[in-house]
Amino acid sequence: MVDATKNTLVYTTWGRKTAKPVNPNVAAKMVSKAKRPLLVTGSEIVDNEQLAQRAVAIGKKGVQIAATGHSITVFHGKDVNAKYINIHALAHYLGDKNWKGFDGEGSYDMIVFLGHKKYYLDQVLSGLKNFSDLKTIAIERHFMQNATLSFGNLKPEVHVEALDEFIENL
Amino acid sequence: MSKISTGRFSIEDLENVQITIGKIVGAIEKKVEEEGDMGPTPKPGVSGLRDWDHQVLSRYQPVYTPMCDQCCYCTFGKCDLGGNKEGACGINLGAHQSREFLLRVITGAAAHSGHGRHLLHYLIERYGRDHPLDLGPSNLLAPNVQMVTGIKPKTLGDLEEAIEYVEEQLTQLLATVHMGQEGAAVDFESKAMHGGMLDHVGMEISDLAQVSCLGMPKSDPDAPLAEIGMGCIDATKPVLLVIGHNVAGVANMIDYMHENKLSDKIELGGLCCTAIDMIRYQMDTGGKPYAKVVGTLAKELKMIRSGIPDVIVVDEQCVRADVLDEAKRLSIPVITTNEKIMYGLRNRSKDNADTIIEDLASGKEAGALILDLDLVGEVAPRLALKVAPMRKEKGIKALPNDEELAALAAKCVHCGACELVCPNNLEIMDAMKACVEGDLTKFEILHDHCVACGRCDQDCPKDIPVLDVIEKASQKVISQEKGVVRSGRGQISDPEIRQEGVNLVMGTTPGIIALVGCSNYPEGTKDLYRLAEEMLKRNYIMVTSGCSAMDLGMYKDEEGKTLYERYPAKFLGGNLINVGSCVSNSHISGTAIKVAAIFAQRNITGNYEEIADYVMNRIGAVGVAWGAYSQKAVAIGTGCNRLGIPVVVGPHGSKYRRALIGKPYEEEHWKLYDARNGETLPIPASPEFLLTTVETVEELMPMLAKNCIRPSDNNMGRMIKLTHYIELSQKYLGQMPDDWHRFVRTETDLPLAKREELLKILEKEHGWEIDWKRKKIISGPKMKSDVSAQPTNLKRLCKGEC
């Protein structure tokens, strides 16, 4: 079992409310319990085969994928439910109770993030943290302090191991 | 009584007496009144355009991404506003973020306008108030100034009233940042828009003054090319490095060097917009600039650490705060020339040149503050000549040698501290490991992604000078950094607007993409080149300025040509236009205003709202500040936004704290009036944002094509724009865009080559009714195609409303 919670060092703080470090199995259980989970992928998965495979594997578990940046290119022909969207627009829509989601069935209640630039996701999560009730989980290589729950800072190989455990428990 | 006018007058019988009348109170207003074309909002106050802002903000809603959940403005606090709570003064996080955004905007606007005030003051002293504005073949000289203030300046002196207005308004805006007071985010947003608008006036004043007085190219598509890149600096000569944004001091150095035949004896290089402007200096009659551009702010610390400069002269704005400390370590004297940067140095403005040179060359003093720009002109070149051999003799050592490099890399314990603090979280540990094994390629790649902030140095527990390691390991690629950049050509001229305006408004030129702003790119400098090349091939008009203009010149094709050598610089589709430095960005907004004035014959004088409405609905222009980092960049962007021009920033731009994004799924926000009859006119959701961030250029390119779509496009124009949107989406995202059908009004809007295929999709996937015999759309589109429609947001402009 991977302990993904050890290193939660940050460079600067945002404020009082900071993410709780989470292990992959716990994160997976929370996603499994959610009614409408959404995986938001960033472009860092495009040139990282290890991450791309795991993103597809999460999609194959039936989780809707919001492919931001140009990460949609990873999902073509992979038989997963992925839609392109700009992440800043997505963050705006996620905070809107009238948004019907990608399938017209309504918005989402648990947002999972993978494959983003750290500084960029920090900002997106800062908006969601302060202006929405959404639960967010960062399964990134870096500790994302503005998420509700986040993996800690991980070495690349440990990160992949943690993702595998996360997928196993979905 | 005879009429008094401005100008210089001699009085008969009084020898040596000349009277100068600079300004007559109310004269400009009176002239405009006589001409009868003053619009409703000359010199608007803070609330003067509030209705327009509120209307715009109801469609493009603020999206806040705080950099900090707390407020520490006053001694009630600090207050935790997390979760949008209220602080002790009653402000909530949303309003506080909009206040923070406003503060950034007016800081940027103040930087440009302070620059403008300094230049104007200096140039009026030198050339006189009645020195004419000379900007090339244009009658509309100052579109931003005229639209905002109602003033139609003809001389340097006329610009003073406009800059006074800007200064007064900026003070009023700054006052609103004070604790408490405003509680509505939407009104802070309106104030930010006001600050952005003022910024374009301030910038325009700066550039009009310098173009008119300093012999800069005047709407010249053949403005000369200049060398650019760290690799083009000839370090065998004494090297004089200038950094900043205000060319006044450098102009004097160039004059001194020319007059004393030193131009070929001293290497003059520059960073940031001072560099861009010094290659414009005295280039209005042709020639080749001998000054060279080193590059952007991202090269600043690397250039200093290289030890190559013998003297550094700084002026204002994008200049690192530690230039003096860094230079001191390498015995490089620093001259500061502007009150905005004084570094604690002794004021030597009244001393003689010989004494200053002696004190600096001997190392008695590390630098000098010299506010007399004539003195700077003499001291800097002479000092470079004197110091260069002394520094060589001393054997000043800057970067580590090969053995030291290997030893430093070996010292790394791979703790990850540098990666944590790196703004781009670059993989420095991997590069260190490779370096130990003699492989420098990872560092060479890092070099282009590194913005040279130096934070890694500060945090290394082993005291490894990480930035020096990156720079030393990348010497091979740095030596090859040689390109060319076209000197800034200034405004787009009136005749050019007459020629191209119709294509822009009808959409047959697919759009204007303005590549502006700084060098805080997410994935290195080449993305900018890729973007520009793609859009130029597709016949977009590419306009550029400042640091973006520099970085575009750094890459060459297989034949060794840069984009500036491959693409002409006229205001036509498929042309690449460098307007100039940071303050020349006003010519980009000015171009949009000119289209309204010249092509559409709209009265722009004191008529902001109507012109912004025109620009928003008819001119397919998008600004891209891919590496925006400064407050000035966000001020420029916000000024564009108020004028109806959407702006995209790179992912670092999310740290500006707020975006303005529409919701295409809320149909009630995508409607206008038809000015012919006041009827409601459904419009496409484009631009779908006024300010947003994008993660990669692959995502950016189709987004740009989409957001150039405007309600006024004719069928040919819409077809061209849709073609690019679909093709770019397929090329970079590997798919048809999900929303392409929303922009189709009739079958003639469809890309010709794919018309049948797309009609089938419309029928099958969207339930549209198609007449297959005539290949016509019978029903489905939510908008009608009507080229005579007059789309407007403003009810008052509709027939029968006034």
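Q: How many Å separate the centres of domain 2 and domain 3 of chain B?
A: Taken over C-alpha atoms, those centres are 29 Å apart. Keep in mind that this is a predicted model. The domain assignment puts domain 2 at 225-394 and domain 3 at 403-479, with domain 1 at 39-213 and domain 4 at 484-738.

Q: How do you know that domain 2 and domain 3 of chain B are in contact?
A: Contact here calls for C-beta atoms within 7 Å of each other. Nine residues of domain 2 of chain B are in contact with eight residues of domain 3 of chain B. On the domain 2 side, that gives three nonpolar, two polar and four charged residues.

Q: Why is H6(B) called roughly perpendicular to H24(B)?
A: Helix H6 (185-213) and helix H24 (586-599) of chain B cross at roughly 105°, and their axes come within 9 Å. The label covers 65 to 115 degrees, so H6(B) counts as roughly perpendicular to H24(B).

Q: Which residues make that contact between H6(B) and H24(B)?
A: H6(B) brings His200(B), Met203(B), Glu204(B) and Asp207(B), while H24(B) brings Ser586(B), His587(B), Ser589(B) and Gly590(B). By class, that's one nonpolar, five polar and two charged.

Q: At what angle do helix H15 and helix H16 of chain B pack?
A: About 145°, for H15 (428-436) and H16 (441-449) of chain B, with the axes 8 Å apart. From H15(B), Ile428(B), Asp430(B), Ala431(B), Ala434(B) and Cys435(B) meet Lys442(B), Phe443(B) and Leu446(B) of H16(B). The contact has six nonpolar residues, no polar ones and two charged.

Q: What makes strand E21 and strand E25 of chain B edge strands?
A: The open sheet has three strands in the order E21-E20-E25 (chain B), with antiparallel pairing. E21 (680-682) and E25 (791-792) of chain B each have a single partner strand, so one side of each has no neighbour in the sheet.

Q: How do you know that strand E20 of chain B and E25(B) pair?
A: Pairing takes at least two bridges. E20 (671-674) of chain B and E25(B) have two bridges, in the antiparallel sense, so they meet the cut-off. You can find Asp674(B) opposite Pro791(B) of E25(B).

Q: Why is Arg657(B) called buried?
A: Arg657(B) has 24 other C-beta atoms within 10 Å. The cut-off for buried is 20 or more, so Arg657(B) qualifies. You'll find Arg657(B) in the loop between strand E18 (647-649) and E19 of chain B. Arg657(B) also has a positive phi of about 85° without being a glycine.

Technical notes. Residues numbered from 1 in each chain as written. Chains lettered and ligands numbered in written order. Predicted model: local features only at pLDDT ≥ 70, side-chain atom pairs only at ≥ 80, totals over all residues. Axes fitted to C-alpha atoms, helices over the stretch in contact; angles between N-to-C directions. Helix = DSSP H or I, 4+ residues; strand = E, 2+ residues; numbered from the N terminus. Contact = placed C-beta atoms within 7 Å. Nonpolar A, V, L, I, M, F, W, Y, C, P; charged D, E, K, R; others polar. Domains from an automatic or database assignment. Parallel < 35°, antiparallel > 145°, perpendicular 65-115°, else oblique. Buried ≥ 20, exposed ≤ 12 C-beta atoms within 10 Å, placed from the backbone.
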